[in-house]
Amino acid sequence: MSSIGIQVGAIPLAHSQCRFTVWAPFLQSLSVQLWDPRGQDVDREIPLQPRPLGYWEAVVDAVPPGTLYTFRLNQDLVRPDPAARYQPEGVHGRSQVIDHRTYPWQDHAWPNIPLESYICYELHVGTFTPEGTFEAIIPRLADLADLGINALEIMPVSQFPGDEKAQGPQAYRNWGYDGVYPYAVQNSYGGVEGLKRLVDACHRQGIAVILDVVYNHFGPEGNYMADFAPYFTERYKTPWGGAINFDDAYSNGVHQYFLENALYWLREFHIDALRLDAIHAIYDFGAQPFLARVAAAVETFAQSQGRPYYLIAESDLNDSKVLRPRTQGGFQMDAQWCDDFHHCVHTLLTGETQGYYQDFGRMDQLAQAWQSSFVYSGQYSPVRKRYHGNDVSDRPASQFVIYAQNHDQIGNRMLGERLSHIVSFEALKLAAASVLLAPGIPMLFMGEEYGEEAPFFYFVSHADPALVQAVREGRQQEFAAFHRAGEPPDAAAPDTFTRSLLRWDTRTQGHHQVLLNYHRHLIGLRRSLSPLQNFDRDALEVRFDEEHRWLSVHRFHGQDAVLLAMNWNSTPVTIPQVSRFPGQKHLDSADPAWKGPGSQLPECLSPGAALSLQPHSVGLYLLQP
């Protein structure tokens, strides 16, 4: 019996039969307890039979979808299913049998979108709407599509802890990275049916769906994995405790659990891409590393479906191995997040130099990010006190997701401030252009498009008081590195969650509406001007001035070319001999139409002319080479 292809959990079969499969190599006995329809008592208990490689299995009659069940381990512990498809009673409650075959999908003709065409929008389900559900997102999809968004990136939705006796979105307050059931869709968000309806609705609007999944750790509450099998190893340590066992003894079962999980989201929920959280915390030095195996499995699945699916990694290693082909020893991810780009934009606009920001803040670094994605590709990092990264300049820019804000970079600030709190309106427009007109896959964080002013805090709803106190102390220690005085908001307080809710209605008011229209215009330029769709690094010319803080960029595609002129200074600057080509102006962020101080840019650009730019402004010309 090979572990390849084994689906753990409760799998409905024909005629109301259900196959229960569990990986538990050290148990002496294992049985499934089926609860009666009223959910008050165990109706039946059926022993599972041992199978090779530490698996246990039983095919049981008369188990209709919706049946609640638990497992009894060694005639002693009673636990939910570690591969539960749904936890209607929360992380400590019983699991429920789900039949994925019954949903009436309407997206059969959906082809997915080429990855290089993605314009991503990251959101947190709980705070995106007052209702905090998948269903409540659907009415807003048309507005996102009108803006130009074609890829919705959803923060993790695997079951996380909350107050199982409370009602409403405040009952379960979590970013999603504390999930403990990787297969179970969060009950407070709307569960299995709710997520499927959201994905179906996205595809009707021409929007792909990226799901954030966490394979580097489990959350601390409701984590019963170790009761079943050696899911963890003491060989490595992580910020969350013992590492998941990807390369120690018995790691074959761990690999299979997560390999199947990745395919599960693509197959059963029609997810188009997975964002793999913090893969630098997946410690795996095996000859067949998990990350390479999951990329191969997704590639094989994509071939069988006749459409593309993508894997997007988050990594702080600046290691080209993440993207390189497996034949070259790489993992062959389709893309990865690029924090270096964010750090350049953020430090130049805010002047912040605390914590890891002290590695950034220069114009030459911004130029490097435009040209080569990684700023640190082998240079010495003062923060890390070592040489950091390697070169990825041979990889196309379309393999890098770029952003000026995301959940981490906002929510991990002590006061959860967005850029709208800490920079000027002109600087917000410069940040938007730097992301949406740069080579890379652009991503906005929910509300960024209209300058949302509600903070986005870190919040939790753990039931264990000791765990809540540990979170509070950990946050305080984290902010010490940034030399922030004072107390952060209480992550466990309901008010911390509610203050993070979007004020969506403000998007049609005053300067918020101007900024929204400005983002729409930028996306329109990106789609209509072919040089802005060219990710070839050889089709890019970058100049900069460190003292005066300007950056000029030529982007080419065949006979077409554009010029981007950006002033990162808080005073006006002049860029000499900005282009050798004539051109026609298509954007000036200082224009009064964009609530700017007034344009100083000519409508027509002469070869060799100088350009004078207002503070924190950007201009774009379509050139005639």
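Helices here are DSSP runs of H or I with at least four residues, strands are DSSP runs of E with at least two, and the elements are numbered from the N terminus. The legends below describe close-up views of a predicted model.

**View 1. T347 in helix α8.**
T347 is found in helix α8, which spans residues 339-350. Its relative accessibility is 4%, and T347 counts as buried because the limit for that class is under 20%. Not counting residues up to four places away in sequence, T347 touches E352, Y357, F360 and G361.

**View 2. Helix α9 and its cover.**
Helix α9 runs over residues 363-372, and seven of its ten residues are buried, so the helix is largely enclosed by the rest of the structure. The buried residues are M363, Q365, L366, A367, A369, W370 and S372. Among the elements that cover them are two helices of the model, α8 (339-350) and α12 (425-436). The cover also includes the strands β24 (540-545), β25 (550-557) and β26 (560-567). S373 follows α9 and has a positive phi, near 75°.

D212 stands opposite R275 in β17.

**View 3. D200 in helix α4.**
D200 is found in helix α4. The relative accessible area of D200 is 2%, and this residue is buried. Leaving aside neighbours within four places in sequence, D200 is in contact with Y103, P104, W105, Q106 and D107. G9 lies 191 residues from D200 along the chain, and the C-alpha atoms of the two are separated by 25 Å.

**View 4. Surroundings of E221.**
E221 is placed in the loop between β14 (208-213) and α5 (225-228). E221 is buried yet has no salt bridge. The nearest side chain of opposite charge is that of R173, 10.0 Å away, whereas a salt bridge needs a side-chain nitrogen of Lys or Arg within 4 Å of a carboxyl oxygen. The side chain of E221 does make a polar contact of 3.2 Å with the side chain of H462. The side chain of E221 also reaches the backbone nitrogen of A463, at 3.0 Å. Apart from neighbours within four places in sequence, the residues in contact with E221 are V91, H92, P161, V180, H462, A463, D464 and L467.

**View 5. Strands β12 and β13.**
Strand β13 (residues 181-185) is mostly covered, with five of its five residues buried. Its pairing with strand β12 (residues 158-159) is antiparallel and takes in two bridges. S158 stands opposite V185 in β13.

**View 6. The open sheet of four strands.**
This open sheet has the strand order β1-β2-β6-β5, and its pairing is antiparallel. β1 (9-12) and β5 (49-50) stand at the edges with a single partner strand each, so one side of each is left without a neighbour in the sheet. Between β2 (residues 18-23) and β6 (residues 55-60), six bridges hold the antiparallel pair. R19 has V59 in β6 as its bridge partner.

**View 7. Two residues with positive phi, A62 and N318.**
Most residues other than glycine have a negative phi. A62 is not a glycine, but its phi is positive, at about 55°. The place of A62 is in the loop between β6 and β7 (68-73). N318 is likewise a residue other than glycine with a positive phi, near 50°. The loop that holds N318 lies between β18 (310-313) and β19 (335-337). N318 is buried, with a relative accessible area of 5%.

Technical notes: Residues are numbered from 1 along each chain as its sequence is written. This is a predicted model: local features need pLDDT of at least 70, side-chain atom pairs count only at pLDDT 80 or more; totals for chains, interfaces and linings use all residues. Side-chain values use heavy atoms; hydrogens and water are left out. Buried means under 20% relative accessible area, exposed over 50%, partly exposed in between (1.4 Å probe, protein chains only). Lys and Arg count as positive and Asp and Glu as negative; His and the chain ends are not counted. A polar contact is a pair of N or O atoms within 3.5 Å; within protein, one must be able to donate a hydrogen and the other to accept it, and residues adjacent in sequence count only if both atoms are side-chain atoms. Contact means heavy atoms within 4.5 Å. Two strands pair if DSSP finds at least two bridges between them.
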